[in-house]
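Welcome to a short tour of this structure. Please take a look at the sequence and the 3D view before reading on.

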Amino acid sequence: MKYALVGCGRVAPSHIKAAVENGLEILAVCDIDSTHIDDMFARAVPCNSESIRRYSSYREMFDKEKPELVSIALPSGLHAEAAKEAIKRKINVIIEKPMAMSIEDADEIIRLSEEYSVKVSACHQNRFNIAVQEMRAALESGRFGKLSNAAITVRWGRGESYYRQADWRGKFESDGGTLMNQCIHGIDLLRWMCGDELVRVWGVTRRQHHPYIEAEDVGTAVFEFKNGVIATVEGTVNVPGFDMEEHLTLIGQEGAVKLGGTSANTIEVWKFLDDPEDTKDGFHEKTANVYGNGHTSLFADVKEAIEKDRRPYVDAYAGKRALESVLAIYKSMSTGESVTLPLEKCSGKDFEGLFDK
């Protein structure tokens with residue numbers, strides 16, 4: 001399958017690794033800064049980079065190379081436009097998180113994907129973590145019984161040097177804060193596990209220790225789901241100098257599971273009444289970084305979805321739901337009131353200057 005990459009920044013090596021490990025034919029890569037391409041190949045798994053063509057314009061790359069699949073790893077605020085340009089050329093797309101910065105753009109991506117009959121996957125690769133898959137299997141088999149409550153906690157550290165790497169970081173229109181950037185994978189997992197039908201959100205966010213960014217560096221929220229489950233969110237980049245943990249907890253009438261590690265890659269608690277001797281406590285999936293190992297599995301799923309003409313495991317609707325969840329927290333913070341879902345219109349840009357009022 002012919003593949004190309006758009007954007008060669010921080011997460012790009014994970015995309016190249018996934019492409020190599022899935023046997024994709026890497027035609028070309030694109031970035032407006034050629035040094036980013038050089039740096040990416042230096043950090044990526046070995047591949048025949050000399051045969052991979054380089055572009056500074058993704059539109060030119062799409063037209064000349066005609067790939068079957070592209071992944072988009074541009075700055076967040078540029079995801080939607082690149083995705084739409086690919087879809088209009090009937091190219092299947094994997095979009096890094098968040099899939100867009102507005103509900104309107106997410107809806108347009110979905111509409112275009114259906115009009116042009118292409119597959120679109122939101123790159124929420126943590127769904128493929130082994131620990132997460134174990135939790136999901138237990139949930140789908142009914143072992144939890146009636147769910148009561150859940151929680152996601154992402155406690156990482158990002159200092160000034162991280163935000164100074166690129167001028168789009170930490171801005172509501174082009175990136176958002178810790179909830180949109182670092183915590184959105186966990187929010188995706190939380191909403192997925194709790195039944196997806198999120199109906200009300202209460203949120204509080206702050207810019208505590210990063211005065212040089214526009215958006216939040218810590219945020220909390222309460223989620224209410226249609227099925228009665230309540231859940232909490234905590235995300236921060238204020239841990240001083242390191243990534244502490246990412247915990248996902250799910251509690252039901254018949255069982256409770258807590259995932260941990262730095263990216264929900266460890267099983268810390270595994271207890272079910274139907275089999276008290278069944279324990280997976282202490283399981284740990286080794287990962288090289290907080291991105292985890294899921295990109296390879298996500299790429300494999302999208303490749304198969306294209307070949308078998310089915311929906312990807314993590315489709316564009318999932319990407320929209322994760323985006324909507326974060327925007328709802330921002331809107332609740334902005335209004336001081338709870339927010340009812342679904343959101344029809346909302347954008348990161350709507351919250352510019354939120355902490356300057």
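Let us begin with a charge and a ring: the charged end of R143 sits over the ring of F272, 4.2 Å from its centre. Please keep in mind that this is a predicted model.

**Charges over rings**

**Aromatic pairs**

- How many aromatic pairs does a search of the whole structure find? The search finds 13 of them.
- W192 and Y313 form an edge-to-face aromatic pair, with 5.9 Å from centre to centre and 85° between the planes.
- Because W192 belongs to helix 8 (residues 184–193) and Y313 to the loop between helix 9 (294–308) and helix 10 (316–335), this pair ties together parts that are 121 residues apart in sequence.
- W270 and F272 also pair: their ring centres are 5.2 Å apart and their planes meet at 70°, so this pair is edge-to-face.
- Is W192 buried or exposed? W192 is buried, because its relative accessible area of 8% is under the 20% cut-off.
- Y313 has a relative accessibility of 33%, so it counts as partly exposed, a label for values between 20% and 50%.
- W270 and F272 are both buried.
- Elsewhere, ring pairs link four residues into a cluster, namely F172, Y330, F351 and F355.

**The largest pocket**

- The largest pocket holds about 1200 Å³ of space.
- It is lined by 49 residues, and those closest to its centre are G9, R10, V11, A73 and Y291.
- Helix 1 (12–21), helix 2 (34–43) and helix 9 each give at least two residues to the lining of the largest pocket.
- By residue type, the lining of the largest pocket divides into 20 nonpolar, 19 polar and ten charged residues.

**The second largest pocket**

- The volume of the second largest pocket is about 200 Å³.
- Among the residues lining the second largest pocket are I110, S113 and E114, as well as R310, R311 and P312.
- Which helix supplies the largest share of the lining of the second largest pocket? That share, three residues, comes from helix 5.
- Helix 5 (103–115) and helix 10 each supply at least two residues of the lining of the second largest pocket.
- The lining of the second largest pocket divides into six nonpolar residues, one polar residue and five charged residues.

- R206 lies in strand 8 (residues 198–206), and with a relative accessible area of 39% it is partly exposed.
- Leaving aside neighbours within four places in sequence, R206 is in contact with E216, D217, V218, M333 and F355.
- One of these contacts, D217, is eleven residues from R206 in sequence, and the C-alpha atoms of the two are 6.4 Å apart.
- G228 is placed in the loop between strand 9 (218–225) and strand 10 (230–236), and it counts as exposed at 51% relative accessibility.
- G228 and M99 are 129 residues apart in sequence, and their C-alpha atoms are 28 Å apart in space.

**Backbone details**

- The peptide bond from K97 to P98 is cis, with omega near -20°, and P98 lies in the loop between strand 5 (92–96) and helix 5.
- The peptide bond from L341 to P342 is cis too, with omega near 10°; P342 is found in the segment after strand 14 (339–340).
- K90 is not a glycine, yet it has a positive phi of about 65°. K90 lies in the loop between helix 4 (79–88) and strand 5, and at 58% relative accessibility it counts as exposed.
- A264 has a positive phi near 55°, and it too is a residue other than glycine. A264 lies in the loop between strand 12 (255–260) and strand 13 (266–272), and it is buried, with a relative accessible area of 0%.

Note on methods
Residues numbered from 1 in each chain as written. Predicted model: local features only at pLDDT ≥ 70, side-chain atom pairs only at ≥ 80, totals over all residues. Heavy atoms only, no water. Phe/Tyr/Trp six-rings, centres within 6.5 Å; stacked < 30°, edge-to-face > 60°. Helix = DSSP H or I, 4+ residues; strand = E, 2+ residues; numbered from the N terminus. Buried < 20%, exposed > 50% of the residue type's maximum accessible area, 1.4 Å probe, protein only. Lys NZ or Arg CZ within 6 Å of the ring centre and 35° of its normal. 1 Å grid on protein atoms, 1.4 Å probe; cavity = no way out; pocket = protein on both sides within 12 Å on 5 of 7 lines; lining within 4 Å. Points joined across faces, edges and corners; volume = space filled by probe spheres on them. Nonpolar A, V, L, I, M, F, W, Y, C, P; charged D, E, K, R; others polar. Contact = heavy atoms within 4.5 Å.
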